[in-house]
Amino acid sequence: MSDSVIEKLVGPADRQSTDDDLGPCDPEIQLSGILAELARKFHREHDDFDSVLSEVCESARTAIPGSEHAGITLITENGKLDSRGATGELPALIDKMQEELRRGPCIDAAHDEQVVLVTDMSKEERWGGFSETAASAGVGSMLSFQLWVEKEHIGALNMYSSKTDAFDVGSADIGLPLATHASVAIAAARREQQLRDALDSRDVIGQAKGMLMQRYSIDSEQAFDLLVRLSQQSNTKARDIAESITKRGLD
């Protein structure tokens, strides 16, 4: 991590080392231990994508000094915001505000900034009306980290506190590498979920095609074309049409 990034956000810190710094309380040793534990959590088997997001948020809330709540803001394919994995109701509320106003710290972190710090939301002027509304909702300060991997902007990991000046150098020191670990874990979990969804869709569509072929004495290609036409006419995904056929039958 870059000291210049940290100092730009919260000012220079006294990093002079002494012999006493080499004991078990050394910040670098503590950070190493935290990241090792987080890496084990993030890369273990999870049941689904949502489990990974929840694990990331809870781990971040516990590990990053000053945090009361944590949430993840994902960028969807159509550019909208998807609030996920939150440790409370506040992150989703703040994401909804930013979605409506199209501005805010989570959006800046997700698209442009590696770290976005808000020391006092009631005095923040970067995002116009958003800051006043967020302060009224109970946000005193925020710290957002970009989630990014392989030239892909995933979103932002966002930390919240009801207090002003809740986040300091230590918060960013831990949060930056944590966000890197989280980015890799989230990207991997999303790819796995997409693969599972694709396999599930193929199986369901295959079952529906078989039922159509048997019922109407048509071949596989004709059955698939029928599913596509039904999808277009009803403005419903072909997979959903197929799932309805397999569950309810053709009577």
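Contact here means heavy atoms within 4.5 Å. With that cut-off, helix α3 (residues 49–63) lies across β1, β2 and β5. The model is predicted. Its chain has 251 residues, of which 39% count as buried. The secondary structure comes to nine helices and five strands.

**Overall layout**

- Read from the N terminus, the elements run α-α-α-β-β-α-α-β-α-β-β-α-α-α.
- Take the contacts between residues at least 6 apart in sequence: 61% of them join residues at least 24 apart.

**The sheet**

- The five strands of the open sheet are ordered β2-β1-β5-β4-β3, and their pairing is antiparallel.
- The edges belong to β2 and β3; each has a single partner strand, so one side of each lacks a neighbour in the sheet.
- On average, neighbouring strands of this sheet are turned by 20° against each other, with direction ignored.
- Strands of a sheet pair through backbone hydrogen bonds, either parallel or antiparallel.

**β1 and β2**

- Strand β1 (residues 69–75) pairs with strand β2 (residues 81–84) in the antiparallel sense, over four bridges.
- L74 stands opposite D82 in β2.
- The two strands form a hairpin, with five residues between β1 and β2.
- In that turn, G79 has a positive phi of about 85°.

- Strand β4 (residues 141–149) is largely enclosed by the rest of the structure, because eight of its nine residues are buried.
- On one side, strand β3 (residues 115–118) pairs with β4 in the antiparallel sense over four bridges.
- V116 stands opposite S144 in β4, and L117 stands opposite L143 in β4.
- β4 also pairs with strand β5 (residues 152–161), again antiparallel, over nine bridges.
- L143 has M159 as its bridge partner in β5.
- β4 and β5 form a hairpin with two residues between them, and E150 in the turn has a positive phi of about 50°.

**Helices across the sheet**

- Helix α3 runs at about 135° to β1.
- Helix α4 (residues 90–101) lies across β1, β2, β4 and β5.
- The direction of α4 is about 175° to that of β2.

**Helix α7 against helix α9**

- Two packed helices are described by the angle between their axes and the distance between the axes.
- The axes of α7 (residues 169–216) and α9 (residues 238–248) come within 8 Å and cross at roughly 55°.
- That angle makes α7 oblique to α9.
- The crossing of α7 past α9 is left-handed.
- From α7, the contact is made by D200, S201, V204, I205, Q207, A208, M211 and L212.
- From α9, the contributors are R239, A242, E243, I245 and T246.
- By class, this contact has seven nonpolar, three polar and three charged residues.

**A135**

- A135 is found in helix α6 (residues 129–136).
- Its relative accessibility is 24%, so A135 counts as partly exposed.
- Leaving aside neighbours within four places in sequence, A135 is in contact with M121 and S122.
- D120 is 15 residues from A135 in sequence, and their C-alpha atoms are 8.5 Å apart.

Technical notes:
Residues are numbered from 1 along each chain as its sequence is written. This is a predicted model: local features need pLDDT of at least 70, side-chain atom pairs count only at pLDDT 80 or more; totals for chains, interfaces and linings use all residues. Side-chain values use heavy atoms; hydrogens and water are left out. Axes are lines fitted to C-alpha atoms, for helices over the stretch in contact, and angles run from 0 to 180 degrees between N-to-C directions. Angles under 35 degrees count as roughly parallel, over 145 as roughly antiparallel, 65 to 115 as roughly perpendicular and the rest as oblique. A crossing is left-handed if the near helix is turned anticlockwise from the far one by less than a right angle, and right-handed if clockwise. Ala, Val, Leu, Ile, Met, Phe, Trp, Tyr, Cys and Pro count as nonpolar, Asp, Glu, Lys and Arg as charged, and the others, Gly among them, as polar. Buried means under 20% relative accessible area, exposed over 50%, partly exposed in between (1.4 Å probe, protein chains only). Two strands pair if DSSP finds at least two bridges between them.
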